[in-house]
Amino acid sequence: MVTLQQIADKAGVSRGTVDRALNNRGRINPEVKARIEQIAEELGYQPNRAGKALAMARRSVKIGVIITSTDTPFMQTVLQGIEEAKREVESLGAEVIVKKIKGAKAEDIMKAMEELRSEDVKGLALTSAEGDDAVLSTMINTYVEEYGIPVVTFNRDIKGTKRMCYVGQDALKGGKTAAGLMAEIVPENGKVLIISGYPSNKTSKNRDSGFMQEIKHVRPDIEILDVRYAYDNGDWAAEIARDALNEHKDLSGIYVSYAGVGAVCRKIEEMGLEKKLKIISNDIIPVNCKYLKKGEINFLIGQDAYTQGHDPIMILFDYLFDGTMPEDEYVYTEIVIKTKYNL
């Protein structure tokens with residue numbers, strides 16, 4: 001049987017992109033859609049949806065999803081992918097129960113896990129907590145080993161657990177991508193500031209590490225200032241940028257590896273320095289795009305939020321239906337580079 005992943009590998013796109021192309025959902029480049037459809041036809045892909053629907057209806061399969069930080073623009077896009085996958089699998093006879101959490105505390109995630117287990121879910125997709133998640137890791141292992149509930153993580157991974165796989169950005173590579181772009185636009189012997197999230201946030205930590213590694217490799221002349229943490233607070237990020245600019249009059253670049261780049265841009269406008277600095281950040285969300293269009297952000301690095309929400313449910317669905325395991329432990333989403341010219 002030909003799988004969506006096989007088509008994705010041959011087309012050089014993500015599994016989520018193939019799913020959207022073949023099922024006419026969401027935004028997709030017409031040329032990419034046509035190429036995927038051609039490859040699917042050449043490989044003899046047969047979705048066999050009617051059979052799946054009947055089988056799922058008989059099994060009464062439930063999939064639980066826990067999404068954190070739902071008050072952020074990025075996670076709202078992740079939620080769109082979740083809702084689309086929910087519609088698809090429920091049309092095939094399964095059920096998806098979504099638990100939304102505003103913050104990202106381990107205790108809230110574990111409470112939601114227990115609520116979903118009490119509703120007899122057969123599979124679970126979740127994002128990890130901010131900070132130390134040792135207790136959450138133990139709980140995931142318990143769910144997999146004792147309760148027989150497979151777990152897929154997305155957006156923020158929990159390595160070292162028995163989870164089936166992780167769906168999300170390769171944060172280290174994302175940081176290296178940002179460094180490669182910064183190296184092309186910062187003048188000789190320039191100074192670059194990194195404004196990060198929480199010291200304990202694995203995603204921002206890996207982005208920071210990737211950025212520093214690659215800058216040292218490709219542009220050893222660039223001086224990287226100490227990483228400064230804004231704790232996902234835009235006002236704090238803006239204050240960090242202001243203080244750094246006052247202290248280092250020759251600062252030439254800022255990499256905002258997590259949240260707050262909009263506030264940083266507003267502060268730089270107030271200081272009248274928007275034409276002097278080169279800024280790179282992450283996530284193609286409205287507030288960031290506003291400053292990208294104005295030319296105050298030079299590059300935005302996207303991580304395909306929609307797929308991060310959509311694919312974990314489909315991975316669990318395929319596993320629960322016919323035992324199909326994901327081909328890789330890490331299902332990395334595409335790293336997309338946006339400028340004001342291709343937004």
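Axes here are lines fitted to C-alpha atoms, for helices over the stretch in contact. Keep that in mind for the first topic. One caution as well: this is a predicted model.

Let's start with a pair of helices. Two packed helices are described by the angle between their axes and the distance between the axes. Our pair is α1, residues 4-11, and α3, residues 30-43. At what angle do α1 and α3 pack? The angle is about 120°, and the axes are 10 Å apart. Angles of 65 to 115 degrees would count as roughly perpendicular, and over 145 as roughly antiparallel. So α1 and α3 are oblique to each other. Their crossing is right-handed.

Which residues meet there? From α1 we have Ile7, Lys10 and Ala11. From α3 come Arg35, Ile36, Ile39, Ala40, Glu42 and Leu43. Sort the residues of this contact by type, and you get six nonpolar, three charged and no polar.

Now to threonine 333. Find the loop between β12, residues 330-332, and β13, residues 336-338. Threonine 333 sits in that loop. Is threonine 333 buried or exposed? Its relative accessible area is 6%. Buried means under 20%, so threonine 333 is buried.

What does its side chain reach? The backbone oxygen of glutamine 303, at 2.8 Å. A polar atom of the threonine 333 side chain also lies 3.4 Å from the backbone nitrogen of glutamine 169.

Finally, the surroundings. Set aside neighbours within four places in sequence. Threonine 333 is then in contact with Val167, Gly168 and Gln169, and also with Gln303, Asp304, Thr307 and Gln308. Glutamine 169 and glutamine 303 are the residues from those two polar pairs.

Key. Residues are numbered from 1 along each chain as its sequence is written. This is a predicted model: local features need pLDDT of at least 70, side-chain atom pairs count only at pLDDT 80 or more; totals for chains, interfaces and linings use all residues. Side-chain values use heavy atoms; hydrogens and water are left out. Helices (H or I, at least four residues) and strands (E, at least two) are DSSP runs, numbered from the N terminus. Buried means under 20% relative accessible area, exposed over 50%, partly exposed in between (1.4 Å probe, protein chains only). A polar contact is a pair of N or O atoms within 3.5 Å; within protein, one must be able to donate a hydrogen and the other to accept it, and residues adjacent in sequence count only if both atoms are side-chain atoms. Contact means heavy atoms within 4.5 Å. Axes are lines fitted to C-alpha atoms, for helices over the stretch in contact, and angles run from 0 to 180 degrees between N-to-C directions. Angles under 35 degrees count as roughly parallel, over 145 as roughly antiparallel, 65 to 115 as roughly perpendicular and the rest as oblique. A crossing is left-handed if the near helix is turned anticlockwise from the far one by less than a right angle, and right-handed if clockwise. Ala, Val, Leu, Ile, Met, Phe, Trp, Tyr, Cys and Pro count as nonpolar, Asp, Glu, Lys and Arg as charged, and the others, Gly among them, as polar.
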